[in-house]
Amino acid sequence: RQEKTMKIVANHYVIDLASYCSLKRNAGSMKCWVWTAQDNADDELAVEQFALKFSTPELASVFEEEFNRAKELNSRSGAFSGLL
């Protein structure tokens, strides 16, 4: 959610699928991640690119670890096997 408007800006599954949810550094910054996902934030499915900037490289690293952990857990659950 956006802090000021409380509008949902990202509503997607974190899945291990080559074209989606692959974190990449934004312009080589150690504090910013970019990824693509099928988003449903506006109640309509659309492929969107997301970027998230952190205050420190350490926080960005923790996000990367947890994001990748979520992809692994979702893969193991089998819930998204029809997509993969």
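Strands, in what follows, are DSSP runs of E of at least two residues, numbered from the N terminus. By that definition, aspartate 39 belongs to strand β2, residues 32-39. Before I continue, please note that this is a predicted model, in which local features need pLDDT of at least 70 and side-chain atom pairs count only at pLDDT 80 or more, while totals for chains, interfaces and linings use all residues. Residues are numbered from 1 along each chain as its sequence is written, and side-chain values use heavy atoms, with hydrogens and water left out.

Let me stay with aspartate 39. Its relative accessible area is 6%, so it counts as buried, which means under 20% with a 1.4 Å probe and protein chains only. Its side chain reaches the backbone nitrogen of alanine 41 at 3.3 Å. Leaving out residues up to four places away in sequence, aspartate 39 touches several others, including Val9, Asn11, Glu44 and Phe50; contact here means heavy atoms within 4.5 Å.

I turn now to the cysteines. How many disulfides does the rule give? The count is 0, where a disulfide is a pair of cysteine sulfur atoms within 2.5 Å.

Notes. Helix = DSSP H or I, 4+ residues; strand = E, 2+ residues; numbered from the N terminus. Buried < 20%, exposed > 50% of the residue type's maximum accessible area, 1.4 Å probe, protein only. Polar contact = N/O pair within 3.5 Å; in protein donor to acceptor, adjacent residues only side chain to side chain.
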